[in-house]
Amino acid sequence: MWFSFTAVGAVATCIIIVSLWEKFQTNPTITGLDTDFHNWDVPFPAVTICDLDPVDPELLQEYISKVWGDDPPAKAEEMLRWLSTLSYQSIVDRVSEFTAPELVGKPGEALEPAVDPKQAVFSVVRHCEVLFYDCEWKGDSEECCDMVSPVFTEMGFCYAFNSKHAETTWPWRTQTDTFTEAFIHETDAKWSFMFNSFRNDTTIDIYIHSTEEMAGLEQTAQHSWDRRVEKVSFSVKHTYTTEDARQLTIRQRRCIFADEQKLETSNIYTYSACMRQCRMQRCRAACKCVPHFYPQIKGYRYCTIQELVCIAKNAAAITDPARCACELGCTHTVYEVEKLTDIDPSKLSTSTNSLETEFVSWPMVRYKREVLFGWVDLLVSFGGIAGLFLGFSLLSGVELVYYFTLRAGCAAARDADLLRRERAERRARPHPPYNLSLVPWWKEPPMPQTSIPLKVKPKHSQPPQYSPPPGYTEYLP
């Protein structure tokens with residue numbers, strides 16, 4: 001009975017401990033609500049503005065004349081427009097159209113658009129001064145070109161407000177000021193950014209994302225502006241992780257702290273930066289270069305137009321997210337469009353030149369991820385279960401280890417002569433007889449060992465029918 005109860009307790013202990021370990025490995029954190037909104041510094045998101053046709057016709061013609069002279073190739077204009085909106089999809093679809101020698105130059109005499117496509121794009125895109133006017137930040141008028149900066153994304157050339165990844169220098173202007181993130185406060189007159197655009201004949205994609213992030217393949221445009229909407233209202237869902245979660249592994253908490261993993265594309269970790277770096281590494285591994293919409297980083301070289309053919313062949317593998325082992329950042333923010341405000345019918349106009357992006361309301365809630373089941377909780381649970389079913393404690397565990405290691409070793413070394421003598425005595429004792437009967441004990445109980453006589457059979461006995469010769473009174477074997 002003692003052995004049965006001990007075995008049942010040991011099995012139950014193992015089963016429960018395994019389930020607790022699995023819980024610790026797969027679900028050790030919990031996400032709750034943090035409503036202490038009065039003490040928050042609320043950052044305004046980055047707004048990336050991507051014109052689907054960013055090329056300035058006048059600058060385009062000037063650049064074509066500069067590179068090809070008075071008799072440019074027929075597809076020179078198409079190639080430059082293609083470069084300004086370069087993406088993986090456009091590379092796959094059209095790169096084969098722009099590899100002719102008259103477009104890229106002869107071997108050893110490559111033209112500028114072929115060897116330095118980023119500079120070519122800067123030479124033909126619209127400048128800020130001819131694209132934006134009458135900008136406002138939190139209700140106050142601001143100079144547009146002091147607020148927005150060029151940025152290359154995986155969807156092409158864009159302008160961005162409040163983005164850490166915007167270009168710091170470009171040919172027509174040098175950005176000397178360091179980046180300062182924009183915040184809003186409850187007492188501000190407005191929580192919005194507004195711009196007016198001179199462009200009335202194109203569609204502009206609007207991306208609203210965290211300042212640390214960059215518009216890319218992981219995000220779709222929140223709104224494609226066609227002049228029929230004058231205000232985009234969005235909400236924010238901000239999640240942060242408490243510091244005690246660092247005791248867990250990345251696999252357990254399923255997120256990475258900003259300073260936990262060093263990236264080449266960003267000084268802090270974000271999911272989009274990790275995915276962008278992964279694609280850059282795959283481009284470099286497959287083709288020894290990267291497209292020009294990525295930032296200039298030591299160890300990475302921009303592809304020429306001829307080398308983009310290699311990118312097109314490997315685009316499916318490069319853009320496959322399953323090939324990149326990236327986790328969400330432990331602090332991340334998601335912006336969702338809640339409301340689109342159409343043009344006021346009283347204005348008697350079907351289109352507008354201004355677009356305002358604003359918080360739909362002051363953020364009242366953010367999400368907090370914290371540890372639900374840590375190492376201390378795991379130790380307490382293990383000890384409680386083992387104590388309940390087996391009466392086990394840390395001291396008894398130490399005694400168990402001591403009994404089979406230190407005590408046994410010391411006894412073997414101190415009493416070696418006695419142990420050898422006892423072993424010799426055991427070997428010298430005669431072996432007891434063994435009853436090899438196959439009759440079950442419940443049918444015929446075995447006889448006591450001392451009462452079983454030893455039957456010695458003569459080695460050369462004669463058969464029973466043998467008759468002794470005359471003169472012998474008894475048979476002697």
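Tutor: Start at S266, which sits in the loop between α9 (250–253) and α10. Helices here are DSSP runs of H or I with at least four residues, strands are runs of E with at least two, and both are numbered from the N terminus.

Student: Before we go on, what kind of model is this, and how are residues and side chains handled?

Tutor: This is a predicted model: local features need pLDDT of at least 70, side-chain atom pairs count only at pLDDT 80 or more, and totals for chains, interfaces and linings use all residues. Residues are numbered from 1 along each chain as its sequence is written, and side-chain values use heavy atoms, with hydrogens and water left out.

Student: Back to S266. Buried or exposed?

Tutor: Buried, at 8% relative accessibility. The cut-offs: buried is under 20% relative accessible area, exposed is over 50%, and partly exposed is in between, with a 1.4 Å probe and protein chains only.

Student: What does S266 touch, leaving aside neighbours within four places in sequence?

Tutor: S266 is in contact with H165 and A273. Contact means heavy atoms within 4.5 Å.

Student: And how far is S266 from A221?

Tutor: They are 45 residues apart in sequence. In space, C-alpha to C-alpha, the distance is 22 Å.

Student: Another serine, then. Where is S210?

Tutor: In the loop between β14 (204–209) and β15. S210 counts as buried, at 14% relative accessibility. Not counting residues up to four places away in sequence, S210 touches A46 and Y335.

Student: Which sheet order takes in β14 and β15?

Tutor: β8-β9-β3-β14-β15, an open sheet of 5 strands with antiparallel pairing. Two strands pair if DSSP finds at least two bridges between them.

Student: Which strands stand at the edges?

Tutor: β8 (148–153) and β15 (223–225). Each has a single partner strand, so one side of each is left without a neighbour in the sheet. Neighbouring strands of this sheet are turned by 30° against each other on average, direction ignored.

Student: How many bridges join β8 to β9?

Tutor: 6, with β9 covering residues 156–161 and the two strands running antiparallel. In that pairing, S149 has A160 in β9 as its bridge partner.

Student: Which helix lies across β8 and β9?

Tutor: Helix α7 (residues 117–124), running at about 140° to β8. Axes are lines fitted to C-alpha atoms, for helices over the stretch in contact, and angles run from 0 to 180 degrees between N-to-C directions.

Student: Switching to charges. How many salt bridges does the structure hold?

Tutor: 25. A salt bridge is a side-chain nitrogen of Lys or Arg within 4 Å of a carboxyl oxygen of Asp or Glu.

Student: Give me one. What does R253 pair with?

Tutor: E260, with the closest N and O atoms 2.8 Å apart. R253 is buried, at 3% relative accessibility. E260 is partly exposed, at 34%.

Student: Which residues are linked in a network?

Tutor: D51, D53, E77, R81, R199 and D201, through salt bridges.

Student: Now backbone angles. What is phi at K138?

Tutor: Near 55°, a positive value in a residue other than glycine. Most residues other than glycine have a negative phi. K138 lies in the loop between β6 (132–137) and β7 (140–142), and is buried at 18% relative accessibility.

Student: And K288: what is its phi, and is it buried or exposed?

Tutor: K288 has a positive phi of about 65° although it is not a glycine. K288 is exposed, with a relative accessible area of 60%. Its loop runs between α10 (271–287) and α11 (308–313).

Student: Last one. Where is F404?

Tutor: In helix α14 (residues 394–414). F404 is exposed, with a relative accessible area of 59%.
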